[in-house]
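Could you have a look at this one with me?

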Amino acid sequence: MNRMIVFTVAALVAGGAVAEEMAKLELQLPAPQFAGTPKTIKTPNLEREAVVPEIMVPAGTANVAAGKPVTSSDDFPVIGELEYLTDSDKEGSDGSYIELGPELQWVQIDLGEAKTLYAIALWHYHAQARAYRDVIIQVSDDAGFAGNVQTLFNNDHDNSSGLGAGKDKEYIETYMGKLIDAKGAKGRYVRLYSNGSTGSDMNHYIEVEVFGK
Ligand SMILES: [Ca+2]
Ligand SMILES: [Ca+2]
């Protein structure tokens, strides 16, 4: 009798009635802005080779950041508008990016309600090869990030931004952006930090996508 019950449950899982249907996340990429190997960029903690993770997401997962409101540590960008962050335009040309002030700055997306997050994709700037410093991505239920903060990515290896040292690598910006596994983290707010780049002290964003449901 017991053996029969076990067999029935296993069959249901195999048939997909219990297990959730999963699919590989495919990003929609903008047009490349430069070709070939970028000039040598000297910065500590740079990854040797870009690796795009394969992230499996459940059916019904979508970019829940599209069109959502954006706030920032710099309310008045030098170039562009904060809305550019979630307007679905990922092109690298002038008119598509935001320039925020120098040193440590953040942008924050309000998803409107708590979501389960599977991946984050971001494009800082891809008209020129450069690596942004102290890229830190966090999720919280609290708009002020005072509590229940989960860190999804942190390449501030020397803790120069004071949010804690991270183990992730710096990476060179291209049209492919950066895809990060959010591993089912839950929260309403997504905050992204940066602290200038190998190109300048300023901070830039083109688009951030948050895949969840
Ligand atoms: Ca955009
Ligand atoms: Ca640092």
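This is a predicted model: local features need pLDDT of at least 70, side-chain atom pairs count only at pLDDT 80 or more; totals for chains, interfaces and linings use all residues.

1. Residues are numbered from 1 along each chain as its sequence is written, chains are lettered from A and ligands numbered from 1 in written order, and side-chain values use heavy atoms, leaving out hydrogens and water.

2. Calcium ion (ligand 1) has Tyr84 (O), Asp87 (OD), Asp89 (O), Ile206 (O) and Glu207 (OE) as protein donors, at 2.2 to 2.4 Å. (Donors are N, O and S atoms within 2.8 Å of the metal, 3.2 Å for Na, K and Ca; water is not among the atoms, so sites may look incomplete.) Aspartate 87 sits in the loop between strand S4 (70–72) and strand S5 (98–100) and glutamate 207 in strand S11 (residues 207–212), so the pair ties together parts 120 residues apart in sequence. (Strands are DSSP E runs of at least two residues, numbered from the N terminus.)

3. Calcium ion (ligand 2) is held by Asp134 (OD), Asp156 (OD), Asp158 (OD) and Ser160 (OG), lying 2.3 to 2.4 Å away. Along the chain, these donors are spaced D-x21-D-x1-D-x1-S.

4. Aspartate 134 and aspartate 156 are both buried (under 20% relative accessible area, 1.4 Å probe, protein chains only).

5. The largest pocket holds about 360 Å³. Among its 18 lining residues, Leu27, Leu29, Val52, Met176 and Leu179 are the closest to its centre. (A pocket is an open set of points on a 1 Å grid over the protein atoms alone, where a 1.4 Å probe fits, with protein on both sides within 12 Å along at least five of seven lines; lining residues have an atom within 4 Å of a point. Grid points are joined across faces, edges and corners, and the volume is the space filled by probe spheres set on them.)

Terms used
Buried means under 20% relative accessible area, exposed over 50%, partly exposed in between (1.4 Å probe, protein chains only). Helices (H or I, at least four residues) and strands (E, at least two) are DSSP runs, numbered from the N terminus.
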